[in-house]
Amino acid sequence: MSKSKPTYEELEARLNKSKEIIEVLRNGEADAVVSKQDVLLLRLRKAEKALQQALKDWQGTFNATEDLIMVVDTEHRIIQANVASLTFFGRGLDDIVGRTCCELVHGTDAAPAECPLERARRTRQHEDTELYLADKDIWITASLDPIFDDQGNVTRAVHVIRDITGRKGNEEEIRKKNEMLEAFLYMVSHDLKNPVISLQGFCSLLIRNYRKDLNEKALFYVERIRANAELIADMLEDVLALTQIGSLKEEKAEISTQKVIESVWSSLSSFFHIEDVELIVPESLPRVFYSQKRLYQIFDNLLSNALKFKSETRAARVEIGYEDNGDHYKFFVRDNGIGIEQKYHDKIFDVFSKLEESKSEGTGIGLTIVKRIAETNHGKVWVESQVGVGSIFYFTIPKKI
Amino acid sequence: MAQGNTIILLVEDNEDHIILIKEALAVNNIINEVRVVTTGEEALDYLFREGRYSDPEKSPHPTLIILDIKLPKMDGQEVLKTIKADPGLKHIPVIVLTTTTREEDMVKSYQNGANSYITKPIDPKKFFEKIKNLKLYWMLTNSLPRK
């Protein structure tokens with residue numbers, strides 16, 4: 001049997017092997033190569049080393065974070081836990097692996113209703129929740145990221161628990177301070193009202209009962225005192241109104257926008273000469289789910305503004321309208337008044353902002369009230385305006401869900 | 001002087017407001033005697049005839065109570081609740097006075113049994129109007145003062 005010539009494939013295989021050997025020698029991985037298994041072994045060792053390094057890196061990272069990180073199976077049993085977890089639970093790794101996180105965190109066998117793992121199993125995506133742990137008096141966020149097998153089944157999950165007590169504490173502090181500020185504002189404006197009411201009352205008594213005893217100048221002064229007292233009273237009333245918005249459960253109901261506008265317009269007749277004003281209202285306006293009082297306040301403030309800032313050169317026209325935008329209504333109040341400069345378009349909604357140019361009397365809180373009402377009711381308010389042309393105020397009201 | 005035994009009990013701690021309320025009553029021709037007490041405790045003493053109000057002859061039950069809701073120490077709501085829980089007093093109409101339009105106060109007042117509610121005079125004329133209405137509603141339906 002004569003040895004047949006090697007095939008092309010065999011020759012190529014030999015050549016590749018030689019190349020491998022040459023490479024190993026050239027890299028200094030070995031001084032000499034005795035058999036081809038040596039090369040395989042060397043490669044394996046190299047791969048193992050890289051793997052060990054990766055494992056060390058991963059464990060270092062795993063243990064370096066202050067968050068609790070655990071790998072759990074779908075039955076909530078812990079497979080892996082980092083050092084932060086061991087410290088938090090005060091247990092060794094052996095004492096943690098195999099236990100459920102429900103048992104360790106909540107002291108119960110069953111998962112709580114808000115358990116993100118239960119949710120993630122359904123949604124197959126990242127889930128998280130905020131929890132208060134009464135026994136430890138801390139707030140945590142618990143998040144969960146599912147791990148899938150090759151078939152796309154959720155087999156494990158990474159469970160991260162973060163202590164957010166500090167942040168929660170700050171939030172709580174801010175909330176409390178806000179509450180205190182509102183209570184303070186309420187008290188101050190309330191207590192300031194008593195002397196203002198006295199001022200108004202006595203001025204009115206003077207004017208009514210002693211008119212003939214006062215000369216023209218004295219009467220004028222008393223009238224000025226009364227007017228100023230009234231302005232203070234209005235401002236206090238507005239500050240009070242502002243502190244009240246959203247502070248109590250407001251009675252919402254299905255109400256007629258039409259009726260609200262009618263009643264606002266007729267009440268404005270005692271403050272403005274509305275006979276000269278052209279009011280344009282669409283034939284039908286939608287019914288909305290809102291607090292009647294709050295909608296009244298919105299239209300009262302917007303329409304008062306339209307009348308307060310009317311142009312001196314042309315007949316005043318005020319138009320009310322709306323758009324049905326699917327999930328919400330967009331209302332507008334358009335006037336042909338003096339208009340507002342672009343740079344003030346946001347500022348006018350800030351509390352006590354009165355534009356320098358404005359000579360009209362007012363408390364400067366009206367639009368802030370409108371904004372507060374719209375926003376507490378999940379709506380928006382904004383203005384489009386051009387000096388000398390007019391302004392359009394928009395606000396939105398979500399439809400009843 | 002009490003006229004036909006018809007007196008008004010005014011519970012109000014602000015001196016100025018006492019004057020203004022009395023003026024408002026006078027303007028509306030309500031000339032009944034007004035007994036003024038300045039604290040909630042004193043109001044209950046009067047109504048329950050305790051201490052210096054023990055003589056029913058000298059301290060007759062009022063036909064109307066005008067009650068400021070914001071009083072030092074025991075507040076108006078407490079006074080109101082106590083009056084409306086007492087079988088001998090609950091028939092006396094109570095008008096609650098306040099300086100705010102705060103719904104909470106109003107709702108609470110009505111829950112506690114207030115018969116009417118007045119926001120203190122921003123515009124005195126309106127205040128007089130309300131008092132006028134009250135004269136119609138309450139004074140007319142009770143024993144009228146004889147002129």
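Trainee: Is Lys330(A) buried or exposed?
Mentor: Lys330(A) counts as buried, at 18% relative accessibility. Buried means under 20% relative accessible area, exposed over 50%, and partly exposed in between, with a 1.4 Å probe and protein chains only.

Trainee: What should I know about the model itself?
Mentor: This is a predicted model: local features need pLDDT of at least 70, side-chain atom pairs count only at pLDDT 80 or more, and totals for chains, interfaces and linings use all residues. Residues are numbered from 1 along each chain as its sequence is written, chains are lettered from A and ligands numbered from 1 in the order written, and side-chain values use heavy atoms, leaving out hydrogens and water.

Trainee: Which residue does Lys330(A) form a salt bridge with?
Mentor: Glu323(A), with the closest N and O atoms 3.8 Å apart. A salt bridge here is a side-chain nitrogen of Lys or Arg within 4 Å of a carboxyl oxygen of Asp or Glu. Glu323(A) is partly exposed, at 40%.

Trainee: Which residues join into one network?
Mentor: Arg91(A), Asp95(A), Arg99(A) and Glu103(A), through salt bridges that share partners. Arg99(A) and Glu103(A) meet at 2.7 Å, N to O.

Trainee: And what about Glu319(A) and Arg334(A)?
Mentor: Their side chains meet in a salt bridge, 3.2 Å from N to O. Glu319(A) is in strand 9 (residues 317-324) and Arg334(A) in strand 10 (residues 328-335), so the pair ties together parts 15 residues apart in sequence. Strands are DSSP runs of E, at least two residues, numbered from the N terminus.

Trainee: How many salt bridges over all chains?
Mentor: The whole-structure search finds 23.

Technical notes: Helix = DSSP H or I, 4+ residues; strand = E, 2+ residues; numbered from the N terminus.
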